[in-house]
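Colleague: I am new to this structure and would like to learn how to read it feature by feature. Could you take me through it slowly?

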Amino acid sequence: MKRFIGFIKKEFYHIFRDKRSLFILFGMPIAQVMLFGFAITNEINNVDIAFFDKSKDATTQEIINKISASKYFTNKQMISNDAEIESVFKKGNIKAVLVFDRDFSEKLTKENKTSVQIITDATDPNTANTINNYLSSILQNYQQVINKQMKVPFQINPETRLVYNPELKSVFTFVPGVMTVILMLVSAMMTSISITREKELGTMEILLVSPIKPFQVILGKVFPYIFLSVINAVVIVLLSIFIFKMPVEGSLFLLGFESVLFIINALSLGILISTVSSTQQTAMMISLMGLMLPVILLSGFIFPIASMPLPLQIISNIIPAKWFIIIIKAIMLKGVGLTFIWKETLILVAMTLFFIAISIKKYKIRLE
Amino acid sequence: MSISVKNISKSFKTVNAVKDVSFEVKEGELFGLIGPDGAGKTTIFRILTTLLFADKGTATVAGFDVIEDYKEIRNNVGYMPGRFSLYQDLTVEENLTFFATIFGTTIEENYDLIKDIYVQIEPFKKRRAGQLSGGMKQKLALSCALIHKPKVLFLDEPTTGVDPVSRKEFWEMLKRLQQKGITILVSTPYMDEAALCDRIALIQDGKILQIDDPQEIVKHFPTTIYDIKADNIYKLLLALKEYKHSYSVYPFGEFVHYTDKRDAIDTKELTLFLKDKGLNNIIIQPTETTIEDTFMELAK
């Protein structure tokens, strides 16, 4: 036991004396949460738009005011001829132009039918789509208001209700993803690097020719990172609660338990990586390419798994991060208990045991 | 026997690093493996410290088999690899404490064993190991290898890259450790250090050329060696190689070492021959055989 404690003490010296790993450990999580929370978002806010009002009557003015008043759009410019539409798009700031037909109000009252054109800059298709939807819904909303006064014979009124994230805040889906990525990065990459560093510097040779047992070396390497990763997880959850007002509907205890499970899973992957690589460089490359990319791309963090091609959907099943994201989303947003996520939890446990078993089998007690 | 090696062979993908090597080291002996880089010294060390499996042959260290009883060996030996292998980001004191802890002991418990060495680096105990000089690094590494009072000490090229003064001190320390009953197996590419061992094995290309104590090895040299010097060493080398009676010629310090095919040389004749070749200030004198001469002869 004394040996083990001595070993852990040494590991903490390594971590706290290496500025680079300290930065990765504590700087990255905060920077990433902030980045994903504030900058990388698929909501739209204050999009600059222009109006081409050929009618200039009370109704169009009302619509323009309504749109400009919303937090999504800013009225930047009034356009007076067709040629100008093209030129404002080319300048690049204006993302959409709304064109009202001639005699807009008159046609509406006399013919019960009028038209408005929405032109969007689709160089960024996602944004264009969102702008389109938002503008359409504002127009529809206005239509409903004026329809109230006039009786329409047949009407279907869809009543939508968004549950678990009613305001459609994208930060709610990013926080679980970022947490997953960071725990994976810190746990797997840092442990694999710290084990391979001993190999590279030759200290592993001395450790092998000593009474310290292989499992003590591995546990000694893993323990400090469990501790630091838990701190990281706590920091991320606190940031998301207090800065992004993310709710934690489920039990904090369950969230903690699942996080520790995932951390151990990632650490066992890190050990596995260190058994197959002999230099820090290789360990880092394998961690980045072999873990980070799948975690970001295939876990459902950014791209929904359901819309992936079938082969990728199948591959996504072997990525622990996928299951962890399902678990924490369920706990934080839906507030479910273990009875609803026992399957995912079991998969993570099985994966962890599998990785540990291979690592122990592959761990070398000699140099070859 | 403290170390016993029987017919050990080991090959890697492309090279046969060790070929059928056998030797024995008595308890309390200071035994040297002497040979150039790539001779297979490190491989032998790694087999004996249970880090590598031999392809063929058996070996025991402190009475334990290197394969079956590897755990006992790891408890009872001290190993100092050829490359400086301590934690560079830990201080001198932290390194020593760490190695004491993983061997289940404390610095205080075995302080008398490392005292002579450690007092020299103690003033720098708060300094990171990475910032020590070469000589001090070696002293720290030796202290760490000794901290658990090993029965057998393996030192793989401990003086490579160390200044001459520190080298001399280092060997004095080894002598003192030997008196405390520790068996020491040391390897070195420096022939002058060989003379300080009780017995040495000359090794080249994975094969042992000769095992004996240094005096005996020198004594068995077949002929007399001459130191020859002239104003132009390079020209001298070429001239001597052309000389009809010449057996071996190689540079040695400020002289050229020369052996003749005959039992005794004709100094006058040789001087004339060299003057003919345009050399001046010629000195020819018999000299004592060194281990390096023996090695050159055996490796021929």
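This is a predicted model: local features need pLDDT of at least 70, side-chain atom pairs count only at pLDDT 80 or more; totals for chains, interfaces and linings use all residues.

Colleague: Then I would like to read a sheet, so in what order do the four strands of the open sheet of chain A lie?

Modeller: The order is 2-1-3-4 in chain A, and the pairing is mixed. At the edges are strand 2 (73-79) and strand 4 (116-120) of chain A, each of which pairs on one side only. Ignoring direction, neighbouring strands of this sheet are turned against each other by 25° on average.

Colleague: How many bridges join strand 1 of chain A to strand 3 of chain A?

Modeller: Strand 1 (residues 47-53) and strand 3 (residues 96-100) of chain A run parallel and are joined by five bridges. If you want a place to look, find A:F52, which stands opposite A:V99 in strand 3 of chain A.

Colleague: Which strands does helix 3 of chain A lie across?

Modeller: Helix 3 (residues 58-69) of chain A lies across strand 1, strand 2 and strand 3 of chain A, and runs at about 140° to strand 2 of chain A. Helix 4 (residues 82-91) of chain A lies across strand 1, strand 2, strand 3 and strand 4 of chain A, running at about 135° to strand 2 of chain A.

Colleague: How should I read two helices that pack against each other?

Modeller: Two packed helices are described by the angle between their axes and by the distance between those axes. Here, the axes of helix 1 of chain A and helix 9 (residues 214-242) of chain A come within 9 Å and cross at roughly 45°. That angle is why helix 1 of chain A counts as oblique to helix 9 of chain A. The crossing of helix 1 of chain A and helix 9 of chain A is right-handed.

Colleague: Which residues make the contact of these two helices?

Modeller: Helix 1 of chain A contributes A:R3, A:F4, A:F7, A:I8, A:E11, A:F12 and A:I15, while helix 9 of chain A contributes A:Q216, A:L219, A:G220, A:K221, A:F223 and A:P224. By class, the contact of helix 1 of chain A with helix 9 of chain A has eight nonpolar, two polar and three charged residues.

Colleague: Turning to the two chains together, how many residues does the contact take from chain A and from chain B?

Modeller: The contact takes 22 residues from chain A and 23 residues from chain B. On the side of chain A that touches chain B, helix 1 (2-17) and helix 8 (203-208) of chain A each supply at least two residues. Helix 1 of chain A gives the largest share of that side, eight residues.

Colleague: And what can I read in chain B, where four strands also form an open sheet?

Modeller: In chain B the strand order is 2-1-4-5, and the pairing is antiparallel. Strand 1 (residues 3-11) and strand 4 (residues 56-61) of chain B pair over five bridges, and B:S9 has B:K56 in strand 4 of chain B as its bridge partner.

Notes. Residues are numbered from 1 along each chain as its sequence is written. Chains are lettered from A and ligands numbered from 1 in the order in which they are written. Two strands pair if DSSP finds at least two bridges between them. Two residues are in contact if their C-beta atoms, placed from the backbone, lie within 7 Å. Axes are lines fitted to C-alpha atoms, for helices over the stretch in contact, and angles run from 0 to 180 degrees between N-to-C directions. Angles under 35 degrees count as roughly parallel, over 145 as roughly antiparallel, 65 to 115 as roughly perpendicular and the rest as oblique. A crossing is left-handed if the near helix is turned anticlockwise from the far one by less than a right angle, and right-handed if clockwise. Ala, Val, Leu, Ile, Met, Phe, Trp, Tyr, Cys and Pro count as nonpolar, Asp, Glu, Lys and Arg as charged, and the others, Gly among them, as polar.
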